[in-house]
Amino acid sequence: MKLKRALLLAIITIATVLTGCEPLAVLDPKGPQAEVQANDIVMSIWLMSGIVIVVFAMLAYMLIKYRASKQKKDYEPPHIEGNIWVEAICVGIPVLIVAFLSFVSVQSNYKVEATPPGYEDKEPLVVYASSSNWKWHFSYPEEDIETVNYLYIPTDRALEFKLYSFGPITSFWIPQLGGQKYAMADMVTTLHLAADHPGEFMGRNANFSGKGFAENTFDVTAMSPVEFDEWVEEVHKTADPITEDKFEELLEPGHLGKMTFTGTHLDFKPAPEGENSGHQHHHGSNDDEEENHDNHEENEDHEDHSDHSGH
């Protein structure tokens, strides 16, 4: 009787606690990319739950049916070399599960890496999202606006984020709009997102990048295209222009509040694209090529001199 009361009390306590919990952000999608990933997560949870339930049910059945107390004291189990059906089931079912999950994962990756469905014919809003210790800089080149630690986006329009970092590797993540993608110091990565619903979302750096990592967050506000255009106009009327000196000051390690500027740092500190991206910037410059060419000529002259000396 005491055991039943304790079990009932535990169930009531757990139910009470869970009713006060907010839904997980990744399971509350507000965009097509996030919806694809949320569906995959839910499907995986149900699949794994079914596997666990079946395995534990079989374990309980075996423990009860073949427990030692049911057998005679002189019982000796038969010697069995193996059973092809048991082995086929034990190996085949996990292989099928992994193959199914792999197929779903690859299919989903192609979806989230492309322009969201339904937005292919619309011009995307391009935003350069760069991180520094420990803040986020958002540059809108078409709107000629830059913000710090907050992001305004229109609904019903594809979003194309160009990600890079002014410091260690970070990870750009808005859970309710899509999965995370890394931002690195010497290259630009592209992330496609879209917001189907207006609202306020949380964004953050999902990759540890030092002591200020925990507060390396930003606010995201999705609004109608009309409201977004009104915000752009208001910024151009009220915000100060960003300067190179001011931007260098913003790059200093530390935390900042929300800030808004006209213009972008891309004018005087462009993103690492083209000739300035990847290892080409460091190892493929004209100076390096000329130096390698000079060294090659010196080696050839030395070899020719050695050959003449030998003769």
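## Aromatic pairs

Rings of Phe, Tyr and Trp (its six-membered ring) pair if their centres lie within 6.5 Å; planes under 30 degrees apart count as stacked, over 60 as edge-to-face and the rest as tilted. By this rule, the structure has 17 aromatic pairs. One of them joins Y140 and W231 edge-to-face, at 5.7 Å centre to centre and 65 degrees between the planes. This pair links distant parts of the chain, 91 residues apart: Y140 is in strand β2 (residues 135–140) and W231 in helix α4 (residues 225–238).

W231 also pairs with Y150: the centres are 6.4 Å apart and the planes at 75 degrees, so this pair is edge-to-face. Y150 lies in strand β4 (residues 150–154).

## About the model

This is a predicted model: local features need pLDDT of at least 70, side-chain atom pairs count only at pLDDT 80 or more, and totals for chains, interfaces and linings use all residues. Residues are numbered from 1 along each chain as its sequence is written, and side-chain values use heavy atoms, leaving out hydrogens and water.

## The sheet

Now to the strands (DSSP runs of E, at least two residues, numbered from the N terminus). Seven of them form an open sheet with mixed pairing, in the order β8-β5-β1-β2-β3-β12-β11. Strands pair if DSSP finds at least two bridges between them. β8 (189–194) and β11 (240–241) stand at the edges, each with a single partner strand. β11 pairs with β12 (residues 259–262) in the parallel sense.

Terms used. Helix = DSSP H or I, 4+ residues; strand = E, 2+ residues; numbered from the N terminus.
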